[in-house]
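The following note comments on the fold shown below, point by point. Please read it with the structure open.

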Amino acid sequence: MAINYKDAGVDVDAGQREVELIKSIVAKTQSKDVLSSLGGFSGLFNLDLSEIKNPVLVSGTDGVGTKVILAHMLNKHDTIGIDCVAMCVNDILCQGARPLFFLDYIATGKLVPEKMEEIVKGVAEGCIQSSASLIGGETAEMPGVYQEDQYDLAGFAVGVVDKDKIIDGSGIKEGDIIFGLSSNGIHSNGYSLVRKIVFDHCKFDLSEKFDELDSTLGEELLKPTRIYVKEILELLNLVDIKGMSHITGGGFYENIPRMIPDGLCAKVDASVVETPEIFKLLKKWADLKDKDMYSTFNMGVGLTFVVKEDDRDKVLDFFKDSDLKLYELGKVVAGEDKIELSF
């Protein structure tokens with residue numbers, strides 16, 4: 001008996017239906033510089049660099065880790081794409097780059113066009129929040145690699161910065177001020193530990209409610225990662241940001257030192273941060289030490305940046321009416337350890 005590609009688990013027609021479902025969603029993200037249409041072999045982007053003296057392209061790629069498991073468990077797929085975009089654009093932002101365009105990659109055991117549409121809705125929303133054009137992507141149906149209801153999601157962002165304005169931490173000096181911007185929860189790192197605590201250790205259900213949280217446990221854990229692009233790019237018009245760190249995997253201890261030059265140390269007082277309740281619960285449920293928490297999670301700070309002391313008041317004034325909470329975390333001091341953290 002003859003068999004075809006669909007018999008092998010790959011539905012080409014479903015792929016075409018997905019493209020039709022997401023065309024209008026993708027179009028909402030695209031600027032005038034997008035020259036291609038969805039469904040082509042590649043994405044075309046007109047690189048207008050007339051206002052940049054010496055342009056440098058900045059790229060980043062990332063995924064959302066095991067957070068996709070929670071999206072699957074809750075059967076809610078319209079925000080996980082925001083996480084994917086956030087992880088990429090927040091990273092390239094740390095070099096001062098303005099995002100230009102984004103591409104996504106979804107791999108799944110069985111292509112369900114309506115589910116893929118929900119995922120792309122989230123990707124598109126993340127692109128809108130960061131002013132990046134979604135110019136293409138790939139949905140791979142991979143039976144035998146993934147179970148039918150499983151998927152993984154990754155993305156790739158490209159931005160641009162003037163070579164003279166690249167932020168790399170090299171100009172950081174002793175006495176500079178370290179600021180932090182609030183996260184809205186766990187973002188997209190540490191979910192293997194979160195799942196170990198919630199499911200294996202505590203045996204909780206995602207529908208459970210706790211007095212400390214303003215939503216169910218599942219809704220709290222699925223909150224999308226905050227995107228900081230618009231605020232930081234606007235702030236860069238007012239002050240010279242010398243260094244930036246996206247607080248992702250590795251928490252404070254791994255990420256803040258990445259922007260600190262040799263011979264200097266970020267002296268950070270984390271006690272000034274209004275730590276989201278979910279972190280306090282995780283710490284209590286698993287009896288975790290502070291060092292473990294700050295080595296794994298963002299603990300309420302999604303992005304840190306350094307400015308000279310003379311710019312302190314400008315930064316405070318800029319964020320005084322913002323939805324983002326601004327924390328003055330400390331100063332840069334002389335030292336060899338790169339970070340000195342107090343709780």
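1. Helices and strands here are DSSP runs numbered from the N terminus, a helix having at least four residues and a strand at least two. The model under discussion is predicted. With these terms, the span of residues 56-161 is 38% helix and 37% strand, and its end C-alpha atoms lie 5 Å apart.

2. Two packed helices are described by the angle between their axes and the distance between the axes. For helix α3 (residues 80-93) and helix α4 (residues 113-130), the axes come within 6 Å and cross at roughly 40 degrees. The two helices α3 and α4 are therefore oblique to each other, and their crossing is right-handed.

3. Which residues of α3 meet α4? On the α3 side they are Ile80, Gly81, Ile82, Val85 and Val89. Their counterparts in α4 include Ile119, Val123, Glu125 and Cys127. Sorted by class, this contact of α3 with α4 comprises seven nonpolar, five polar and one charged residues.

4. A further helix pair is formed by α2 (residues 67-74) and α5 (residues 191-201), whose axes are 8 Å apart and pack at an angle of about 45 degrees. Helices α2 and α5 are therefore oblique to each other. Lys67, Ile69, Leu70 and Met73 in α2 meet Tyr191, Arg195 and Phe199 in α5. The contact of α2 with α5 has five nonpolar, no polar and two charged residues.

5. Turning to the strands, six of them form an open sheet with mixed pairing, in the order β6-β8-β5-β9-β7-β10. Strands β6 (243-246) and β10 are the edge strands, each pairing on one side only. On average, neighbouring strands of this sheet are turned by 25 degrees against each other, direction ignored. Helix α3 packs on the sheet, where it touches β6 and β8 (301-307), and its direction makes about 165 degrees with that of β6.

6. How does strand β7 (residues 264-269) run against strand β9 (residues 326-334), parallel or antiparallel? Strands β7 and β9 run antiparallel and are joined by five bridges. Leu264 has Ala334 in β9 as its bridge partner, and Ala266 stands opposite Val332 in β9.

7. Strand β7 is also joined by five bridges to strand β10 (residues 338-342), and these two run parallel. The bridge partner of Cys265 in β10 is Lys338.

Notes. Residues numbered from 1 in each chain as written. Predicted model: local features only at pLDDT ≥ 70, side-chain atom pairs only at ≥ 80, totals over all residues. Heavy atoms only, no water. Axes fitted to C-alpha atoms, helices over the stretch in contact; angles between N-to-C directions. Parallel < 35°, antiparallel > 145°, perpendicular 65-115°, else oblique. Left-handed = near helix turned anticlockwise from the far one by under 90°. Contact = heavy atoms within 4.5 Å. Nonpolar A, V, L, I, M, F, W, Y, C, P; charged D, E, K, R; others polar. Pairing = 2+ DSSP bridges.
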